[in-house]
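Here is a short briefing on one protein chain. Please look over the sequence and the model before reading on.

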Amino acid sequence: MTHPAHTNSTWDIFCKVVDNFGDIGVCWRLARQLADEYDLSIRLWVDDLALAERFAGTGHARICLQHWIEAADFSQAADVVIETFGCDLPEAYQQHMISQRSMWVNVDYLSAESWVDSFHAQPSPQANGLVRHFFYPGFTQATGGLLREASLPALQASAHWQDLGLEPAPDQLTLSLFCYTHAPLAALVESLQASTVPVRVLVPQTVAPMLAAVLGVNDWQVGECVKRQQCAFLVIPFLSQADYDRLLCLCDFNFVRGEDSWIRALWAGKPMIWLPYQQSEATHLVKLNAFMDHYLAQADTALADVIRRAMLAWAQGDWLPAHWQTLLAVLPQFAQHASTFKSTQSQQADLATNLVIFIEKCRTHRV
Ligand code: TRH
């Protein structure tokens with residue numbers, strides 16, 4: 001679906017990499033979908049160009065990466081300017097936005113908390129005369145929705161282990177493990193090595209050093225496997241976003257984190273545990289509980305209880321072997337729930353579509 005009204009307008013997206021991969025992961029995904037599905041040409045301004053190039057791979061014909069440094073040439077403001085995660089647009093650029101009469105939208109962090117519904121799409125007039133609009137991703141119709149490409153179902157349907165350089169493992173459960181350093185990895189290893197069902201854990205290259213410390217291995221390289229009783233841990237390379245999507249839907253169970261891998265795991269429709277980015281005053285646990293309230297609203301009470309306890313234990317660092325055992329016991333029901341949740345949630349419009357519609361409305365009515 002394309003909106004020809006937008007193909008003539010110029011779009012800039014601004015991204016500041018705070019840490020990790022989520023900021024650029026979300027920005028690159030958004031830029032790519034806008035270019036693919038709405039024929040837009042986009043300049044993606046990013047302070048960490050090397051990381052952006054890693055996500056961009058061979059690049060995209062309609063996306064131009066721009067290095068966001070103080071000395072950059074900001075003299076051409078776009079018609080539509082997307083600030084992401086409150087990264088603060090450069091003053092010099094804002095001056096050109098005034099003469100260009102640019103639309104300014106800040107796409108913020110994702111949360112399932114209820115306040116998001118009323119904060120989404122609110123305008124905030126600035127002292128310099130510009131209006132900054134707040135656009136909140138979210139899980140309800142009242143929010144900006146979630147990133148989801150039209151091409152995702154086809155990509156998932158054609159995913160094969162061999163494309164990822166991996167063998168299928170029909171006699172084992174395959175897990176992917178993307179987490180932060182504060183995850184209770186020693187407790188996870190203890191629970192998986194005693195698993196009643198043999199397990200294969202695929203460990204992204206960037207997570208391997210954390211797990212190596214727990215397993216007591218040195219210099220653990222991509223392709224190397226470490227076995228502990230019922231469990232085999234295999235290091236895999238950091239994949240492209242498309243291959244990571246393939247991986248998530250091929251695995252039986254996914255541990256994910258942050259912002260973007262979280263949503264990709266939901267679209268994979270497989271059992272998952274989400275580890276939110278750690279924040280002060282345990283704000284991340286508020287976010288986790290809000291998500292679980294939404295994710296588990298339609299789940300059977302006993303199943304919801306098992307999932308809720310496991311996600312909290314993973315986030316709070318008190319994971320026990322019993323959490324894995326109880327998850328295993330409900331795995332078929334969890335898989336069914338994850339698949340139903342994916343179908344239901346997919347019925348809502350995706351974030352890029354909502355953003356294009358929102359901007360169209362704002363430009364028409366000049367709100
Ligand atoms: O890397 P993250 O921890 O990013 C975080 C969060 O976004 C957090 O909210 C933010 O405040 C902080 O960054 C600054 O987790 P996230 O969001 O899942 O981003 C990881 C990205 O990396 C995502 O786009 C998926 C991608 N990825 C790959 O492309 N290949 C891989 O092999 C893996 C493991 C991830």
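This is a predicted model: local features need pLDDT of at least 70, side-chain atom pairs count only at pLDDT 80 or more; totals for chains, interfaces and linings use all residues.

Residues are numbered from 1 along each chain as its sequence is written, and side-chain values use heavy atoms, with hydrogens and water left out.

**Domains**
- The domain assignment, automatic or from a database, gives domain 1 (10–148 + 349–364) and domain 2 (152–345).
- Their C-alpha centres lie 29 Å apart.
- In contact (heavy atoms within 4.5 Å) are 21 residues of domain 1 and 23 residues of domain 2.
- About 2000 Å² is buried between domain 1 and domain 2, and carbon and sulfur atoms give 59% of that. Buried area is the accessible area (1.4 Å probe) that two parts lose on being put together, summed over both.
- Arg29, Leu110 and Phe139 supply 31% of the area that domain 1 buries against domain 2, more than any other three residues.

**Strand pair**
- Strands here are DSSP runs of E, at least two residues; helices are runs of H or I, at least four; both are numbered from the N terminus.
- Strands β2 (residues 42–46) and β3 (residues 63–67) pair in parallel over 5 bridges; pairing takes at least two DSSP bridges.
- Arg43 stands opposite Cys64 in β3.

**Thr174**
- Thr174 sits in strand β8 (residues 173–177).
- Thr174 counts as buried because its relative accessibility is 2%; the cut-off is under 20%, with a 1.4 Å probe and protein chains only.

How values were computed. Buried means under 20% relative accessible area, exposed over 50%, partly exposed in between (1.4 Å probe, protein chains only).
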